[in-house]
Amino acid sequence: MSATKTTLVAVLVLMLTFGAGFIAGAAAHHLMGHREGMPAFAMHAMVNRLDRRLDLTDAQRKQVEEIIHRRHATINAMWSGVRPRVRQELEATNAEIAKVLTPAQRAKFEKMRMHLLHPRGKERTAPTR
């Protein structure tokens, strides 16, 4: 495989992995009925990870949970500001990848290209340029 093809495959795999993780998180967020931003299960997972790695006491765990919940709104506000830029980068990446593909590959790519979910779980695709 040529270096260009290897790089293209690596970039595509990386993007698909990122997209799959993002979509899975957004889908879980939508299904669990949480507000826009970091879902409660993600905050709980963060606390669990800290607890496992740091061996927190019950009091520490409670304090860490309170800190994360208190900072939640700020984190969500920051994500709202970043989300449009992420969407723009995904659109540009999709367009750039589409340019190097054959027409047959481009048709397949249209079905697997990067997507960004809106807060209500509606899928938005990046337009091909």
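Contact here means heavy atoms within 4.5 Å. One thing before we start: this is a predicted model, where local features need pLDDT of at least 70, side-chain atom pairs count only at pLDDT 80 or more, and totals for chains, interfaces and linings use all residues. Residues are numbered from 1 along each chain as its sequence is written, and side-chain values use heavy atoms, with hydrogens and water left out.

**Exercise 1.** Work out what share of the chain's contacts between residues at least 6 apart in sequence join residues at least 24 apart.

*Solution.* Start with the contacts in the chain between residues at least 6 apart in sequence. Then keep those that join residues at least 24 apart: that's 55%.

**Exercise 2.** List the elements of the chain in order from the N terminus.

*Solution.* Helices are DSSP runs of H or I with at least four residues, and strands are runs of E with at least two, numbered from the N terminus. Count them up and you get four helices and two strands. Their order is α-α-α-α-β-β.

**Exercise 3.** Find the residues of the largest nonpolar core.

*Solution.* First, the rule: a nonpolar core is a set of buried Ala, Val, Leu, Ile, Met, Phe, Trp, Tyr and Cys residues joined through side-chain atoms within 4.5 Å. Buried means under 20% relative accessible area, with a 1.4 Å probe and protein chains only. Next, the members: Met43, Val47, Leu56, Val64 and Ile68, five in all. Finally, zoom in on Ile68: leaving out residues up to four places away in sequence, Ile68 touches Met43, Met46 and Val47.

Definitions and conventions:
Buried < 20%, exposed > 50% of the residue type's maximum accessible area, 1.4 Å probe, protein only.
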